[in-house]
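Have the sequence and the 3D view ready.

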Amino acid sequence: MFTETKAFSGFSVDDIPTAELFYGSTLGLRVTEENGMLTLHLGGGGTVLVYPKPNHAPATFTVLNFPVADIESAVDELVGKGVRFERYESTDERGIMRGYGPPIAWFTDPAGNVLSVLEV
């Protein structure tokens, strides 16, 4: 039944205009708005629905991963745009975890949802 459908995922935020600015301007994604919700247009044709939720609680897990060829450059570029990377026991001073799979660094959107860049 689902082999012919174009599935997508989604997550909530507490402020659609702030999310649109972050995903569009800071991350550089193409973002469209319809019916008070956003669609993030990802490379390869994928989409993610971002919807408002008045009692939004940030996801405690990674909701969106961005594969990159060079994690050092990606982290530098995002830091230059004001993104702050999370620091965990397993990450280095830049917020990059190495040695447990591909190098990965986590950050949050303005609503507190966890995103990552990971080197592929």
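## A first look

Is R84 buried or exposed? R84 counts as exposed, because its relative accessibility is 56%. Here buried means under 20% relative accessible area, exposed over 50%, and partly exposed in between (1.4 Å probe, protein chains only).

Keep in mind that this is a predicted model: local features need pLDDT of at least 70, side-chain atom pairs count only at pLDDT 80 or more, and totals for chains, interfaces and linings use all residues. Residues are numbered from 1 along each chain as its sequence is written, and side-chain values use heavy atoms, leaving out hydrogens and water.

Now find helix α2, residues 71-80. (Helices, H or I with at least four residues, and strands, E with at least two, are DSSP runs numbered from the N terminus.) Its buried residues are I71, A74, V75 and L78. They sit on the same side of α2 because they cover an arc of only 95 degrees around the axis, taken from the directions from the helix axis to the C-beta atoms. An α-helix has 3.6 residues a turn, so residues three or four places apart point the same way.

What do the buried residues of α2 pack against? They pack against α1 (16-26), β5 (62-68), β6 (96-97), β7 (104-108) and β8 (114-119), where contact means heavy atoms within 4.5 Å. On the other side of α2, E77 and G80 are exposed.

## The ends of α2

Just after α2 comes G82, with a positive phi of about 95 degrees.

## Charged partners

A salt bridge is a side-chain nitrogen of Lys or Arg within 4 Å of a carboxyl oxygen of Asp or Glu, and that rule gives six of them. One of them pairs E77 with K81, with the closest N and O atoms 3.6 Å apart. K81 counts as partly exposed because its relative accessibility is 39%.

E86 counts as buried, because its relative accessibility is 16%.

D92 and R98 form another salt bridge, their closest N and O atoms being 3.3 Å apart. Both belong to a network of salt bridges that links E72, D76, D92, R94 and R98.
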